[in-house]
Amino acid sequence: MKDKPIFVTQPSLPPLEEFYKSLKIIWESKWLTNNGPFHQQLEKELCKFLGVKHISLFSNGTLALITALQALQIKGEVITTPYSFVATTNALWWNNIKPVFVDIEPQTFNIDASKIVEAITNKTTAILPVHVYGNPCNIKKINAIAKKYNLKVIYDAAHSFGVTLKDKSVLNFGDLSILSFHATKVFNTFEGGAIICHDKKMKQHIDDLKNFGFRDEITVVTPGINAKMNEFQAALGLLQLKHLKKEILKRKIIAEIYYNELKDIKGINISLPSKDISYNYSYFPILIDTTLFGKSRDDLYTFMRTNNIFCRKYFYPLISDFSTYKELDSSSSSNLPIATEVSKRVLCLPIYPDLEIDEVSRIANLIKLKS
Ligand code: T4K
């Protein structure tokens, strides 16, 4: 019998009986959305869990990102990374902002802060870095540049749920951070997202923006959008939160097995987050060196697929190579040597709490077999 397919990730879900109870409450109250009781409770509990002051819930991470740019009135050019999911740059496009791509660091795959200054022009208004795979950017350097050049910083922290740096949530840095609660994320509400901000006034502004700009029944304070999280999502989120620490621990065990099994294979490179980071193990990327490994990343990707293991090439192609963005700046590829190289060599292995230990070993053994 053929092995069952294993995908790069699989969503975690609470026991169905737990969710029935929440559904019953929703059915009886008939309160389905618009800042309902589950929504309010989830905002409170997330602030506690994540160690942040203010959070505004969204229907997904992309709308959170688009709204974050609106909230700060970002215009002109924004410096960002080409090595991310396309939503990062699409959010700029939807705000009529020109993305300016800067290369990444070879170890963390995050934007190379030492290359930001040379990309600043008189049109630059902000920096939009991504904590890729949840691994924090060079926050200190980015903040110093932002301060010196009077730029806003919005962190795309879609992968960073629960990640701390020196015991402080990474979400506390920059002007705003956004999270994604998509099905494929460490914490999911089927679809969902959030903006984290640091003061009450900004939270009110963001809440206005995501609710058409309505402050009350007859007052529209700003031309907002509809990006609200509903009660179904929020109720699920509250249950997910109860199980999350255990789920991250399961991910950690899987990551350790992969690391121990693969670290000595020639041509496979694994970058680990530094010791002062408490990580969420959202992804397990490896880099393949074709010469040393003997096979290319694409050879390994195809080989794994024939064995029903569906790894993913996150993030290939680079965002700057998608036609819309290439047309905008055709020279950008030549300025992005590290990102180009990493995107050709990266492969994300399956990692999720319910992945069985013997399946993890089988995946590692298949990789060894191919080497
Ligand atoms: N910023 C960054 C840095 C991001 O990575 C993302 C999203 C965003 C912003 C935007 O946030 P959202 O608007 O999405 O909240 C997936 C996700 O759809 C996307 O959320 C995520 N990043 C991106 C990195 O990955 P795909 O197209 O690769 O997903 P898909 O459908 O191929 O799913 C991957 C695997 O997961 C499947 O092979 C099987 C498994 N899966 C997937 C779904 C949807 C399940 O088992 N169950 C499911 O329900 O984009």
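How many nonpolar, polar and charged residues does the shell around the ligand have? I looked up the classes and found ten nonpolar, twelve polar and three charged residues. Nonpolar here covers Ala, Val, Leu, Ile, Met, Phe, Trp, Tyr, Cys and Pro; charged covers Asp, Glu, Lys and Arg; the others, Gly among them, are polar.

**Ground rules.** I am working with a predicted model, in which local features need pLDDT of at least 70 and side-chain atom pairs count only at pLDDT 80 or more, while totals for chains, interfaces and linings use all residues. Residues are numbered from 1 along each chain as its sequence is written, and side-chain values use heavy atoms, with hydrogens and water left out.

**Entry: the ligand.** I listed the surroundings of the ligand and got 25 residues. The closest are Thr62, Asp156, His159, Ser180 and Tyr314. Helix H3 (61-71) and helix H4 (87-94) each supply at least two residues of this shell. Helices (H or I, at least four residues) and strands (E, at least two) are DSSP runs, numbered from the N terminus.

Next I checked polar side-chain atoms against the ligand. One of Asp156 lies 2.7 Å from a ligand nitrogen. One of Lys185 lies 2.9 Å from a nitrogen atom of the ligand. The protein covers 75% of the 920 Å² of accessible area that the ligand has on its own. Such areas come from the Shrake-Rupley method with a 1.4 Å probe; for residues, only the protein chains shown count as cover.

I also asked where the ligand sits, and found it in the second largest pocket. A pocket is an open set of points on a 1 Å grid over the protein atoms alone, where a 1.4 Å probe fits, with protein on both sides within 12 Å along at least five of seven lines. A molecule sits in a pocket if more than half of its atoms lie within 2 Å of its grid points.

**Entry: cis bonds.** I looked at the loop between strand S16 (309-310) and helix H10 (323-328), where I found Phe315. A cis peptide bond joins Tyr314 and Phe315, with omega about 15°. Pro317 lies in the loop between S16 and H10 too. The bond from Tyr316 to Pro317 is cis, with omega near -5°.

**Entry: positive phi.** Gln73 is not a glycine, yet its phi is positive, about 55°. I placed Gln73 in the loop between H3 and strand S3 (77-80). Tyr133, not a glycine either, has a positive phi of about 60°. Tyr133 lies in the loop between strand S5 (124-128) and helix H5 (139-149).

Entry: Buried means under 20% relative accessible area, exposed over 50%, and partly exposed in between (1.4 Å probe, protein chains only). Tyr133 counts as buried because its value is 3%. Leu171, in the loop between strand S8 (168-169) and strand S9 (176-180), has 0%, so Leu171 is buried. Leu171 and Val52 are 119 residues apart in sequence, but 7.1 Å apart in space, C-alpha to C-alpha.

His243 is in helix H7 (residues 231-262). At 16%, His243 is buried. Its side chain makes a polar contact with the side chain of Glu18, at 3.3 Å. A polar contact is a pair of N or O atoms within 3.5 Å; within protein, one must be able to donate a hydrogen and the other to accept it, and residues adjacent in sequence count only if both atoms are side-chain atoms.

Key: Near = heavy atom within 4 Å. 1 Å grid on protein atoms, 1.4 Å probe; cavity = no way out; pocket = protein on both sides within 12 Å on 5 of 7 lines; lining within 4 Å.
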